[in-house]
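Work through the exercises below with the sequence and the structure in view, and try each task before reading its solution.

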Amino acid sequence: MFRAPVWRAVTALAVIAISLILALVSAPRLGLDLRGGTQLVFETRDSPTVKADSAATDRALDVLRQRADALGVVDPTLVRSGERRIIVELPGVLDPRQAAEVIGRTAQLAFHPVLGNEGDVRDENGGKLRLGPAAITGDGIADAVQQSDPQRGPGWWVSIDFRDAGAWQRMSGAAACEPVGDPKRRVAIVLDDEVISSPPLDPSIPCRTGISGGSADITGSFTHDEARDLAVLIKGGALPVPLTIVEQRTVGPTLGAAAIDASAKAAVAGLVLTAAFIVAVYRMSGLLSTLALACYGLISYAALVAMGATFTLPGLAGFVLAIGMAIDANVLVFERAREEYDQGRGRRGLKAALDRGFRNAWSAIADSNVTTLIAAGLLFWLASGPVKGFGVTLAVGVLASLVSAMLITRVLAHAVIGRVGPRLSGLGSPGAVRTWLTRRNPQLMKARRLWLAIAGTLVAAAVAGLLARGLNFGVEFTGGRLVEFATAKPLSADVAGQAVSRAGFPTAVVQAGGDGVTVRAGRLGLDDVARIEQELERQAGEVTKRSEEFVGPSLGEELRRNALVALGVAVSMQLAYLAIRFRWTFGAAAVLALLVDVTVVAGMFAWLGKPIDGIFLAAMLTIVGYSVNDKVVVFDRVRELWSPRRPFVTAVNSAILQTMPRTVNTGLGALFILLALMAFGGDSLRDFALALVTGIVAGTLSSAFVAGPLAVWLARFDRKPPPGPPVKRRRVSGAVV
């Protein structure tokens, strides 16, 4: 009896059991784009007296948390991002105006003595006041609460308790010494440089004695909501530094529910199509890998909920996409096992061929997964907002796919393969694609100049699109506000554009289709959105706001810069990794072919006028990972076949033909998932899937027709000799007596 298979089986069962328990006891944490609500991103600014460093941002975060709790928001999320940014998520709050005004208001409260009527400060009635220095600031407030009393008349006021009762008593006592009717007898209460109340002291208050008890009332004919919001601001305390909103997203709950439903349908449809395809190609081995694929989904989900990761719309797309990518390792193993069985003419047996398949495929699997993890890490490091969730999901999916393929699939295959015949196992025949390639043996590298000329033509067409049409950068990269409305009846783009023009924005970009209208403009305030909604209601009846997104110009420039940095760093890291693992000519050929893939996708989006946003960035970095995976598999086989007795061009041609079945099967598996996303996803997921479909097709073709010819051309500059034959190591039996 061998220990390794037993312990492998025990480990697989333990992983599945732990994942099942975590999935059952832990509830998923949905992002605002799935459950509805408002997300605000604030950036702290320097004040004349305080520098906006990490300590000041932490103090501001504490103030915002108190305000969110006082507003009664259920399960708010407030975190610091970097040194000067604060991310606030308010589930269920669909009015961004209220959220921004109450949560992010500076709230610099102060009590000032009034020095006279002539000044540049207006009181609550529009009169002029001249104020003295602040006698009490917001730090001196102990509590604030809204109150009403029918005996005092209608309306609400805010009752304040001071920390230092003596300071209030001295201030009110000094004002009480002035004659009745003199403006100096008033006390001005200033909030954010605006006088909200300046009541005169009651004649009964004696001079120098003042108001004892350490409390005061702010009156001003407040409504209940106004009094409550003011009390929240005062009680929460003054922010140590000013805040500026640099990003804001609002999503209605119905849109989030539709996104969850669409992603679930895409996952089910993609899984069924992929399972049917893999079973049809690999029979029993395909069925076992499908079971392992289901375990992969369980492991990925359990890991995400255990980490407390937030499920966002791009994250769900990444989860669905990772199902197709997870089959790659299984395909690599099965194709290698088919080769081993075919080369041994069946003498080695199915189990021996399967063992050699797992062992020989490990190098390509490890290299391809490392390159994908590089892309996922860059997404998490450089992206912002929901795209970070895509990076986390992709990284977890890569690690879970390794467990699924190299552990669970191996355990299931060892338990079944050998008990069934070669034909039923799916490993006993080389497959239709491999049989056709072996019989024809096409010499692809003889026409390498033609393939490079075709690739150059495609790149030229893509560059022409970039120059002629330009990229349609979304709000995320340009700054501005994007609002999507749902209308009771369809509106044409012309009618919707006229309504937006009447609201005061003739230059806004307006798109209309079906039951929705999308408006995008650079300078569009929250009050402006309300006016646009009113104008649309006159044309379409009932109008509801589905989603809203705002990105400040400084953040948009930063995100655009980070996107370019992400792509540049990704390409550089891929080149460095491939140069270390293989040789620099392989790395350079792979990266040049990768640039062809990226340029073709970007050019297609330019010609079609599709938006370039964070979702597109996620798609491009995924294409980088997938394309490099494909090249890694090819060059790994080149390294294995190349020797002093075999010319390099022959080794490249043979490597492309031998890995072609894996490339085709893996690409089809991913395409099933993406077609499901295109069929069931919304507009953003549809564009995401379109970019990936184009990238996968381009990446698959460029591995054979761009990377291969480039590697042959660059080989003339490589002085390093071909690798020697592999050293066969003697295997020691692990049997236990």
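The exercises that follow concern a predicted model, and each solution goes step by step.

**Exercise 1.** Determine how helix 12 and helix 20 are oriented relative to each other, and which residues meet where they pack.

*Solution.* Begin with the geometry: helix 12 (residues 432-440) and helix 20 (residues 648-680) pack at an angle of about 160 degrees, and their axes lie 9 Å apart. Angles over 145 degrees count as roughly antiparallel, and the two helices are therefore roughly antiparallel to each other. The crossing in which helix 12 passes helix 20 is right-handed. Turning to the residues, Val433, Arg434 and Leu437 of helix 12 meet Leu657, Gln658, Met660 and Pro661 of helix 20.

**Exercise 2.** Decide whether Glu89 is buried or exposed, and find its contacts.

*Solution.* First locate Glu89, which is in strand 4 (residues 85-91). Its relative accessibility is 14%, and because buried means under 20%, Glu89 counts as buried. Next, setting aside neighbours within four places in sequence, Glu89 is in contact with Leu32, Thr38, Gln39, Pro76 and Thr77. With Gln39, the side chain of Glu89 forms a polar contact of 3.2 Å.

**Exercise 3.** Decide whether Glu118 is buried or exposed, and find which residues it touches.

*Solution.* Glu118 belongs to strand 5 (residues 109-122). Its relative accessibility is 68%, and because exposed means over 50%, Glu118 counts as exposed. Not counting residues up to four places away in sequence, Glu118 touches Leu129 and Arg130. Finally, Glu118 and Leu131 are 13 residues apart along the chain, with 9.5 Å separating their C-alpha atoms.

Key: Residues numbered from 1 in each chain as written. Predicted model: local features only at pLDDT ≥ 70, side-chain atom pairs only at ≥ 80, totals over all residues. Heavy atoms only, no water. Axes fitted to C-alpha atoms, helices over the stretch in contact; angles between N-to-C directions. Helix = DSSP H or I, 4+ residues; strand = E, 2+ residues; numbered from the N terminus. Parallel < 35°, antiparallel > 145°, perpendicular 65-115°, else oblique. Left-handed = near helix turned anticlockwise from the far one by under 90°. Contact = heavy atoms within 4.5 Å. Buried < 20%, exposed > 50% of the residue type's maximum accessible area, 1.4 Å probe, protein only. Polar contact = N/O pair within 3.5 Å; in protein donor to acceptor, adjacent residues only side chain to side chain.
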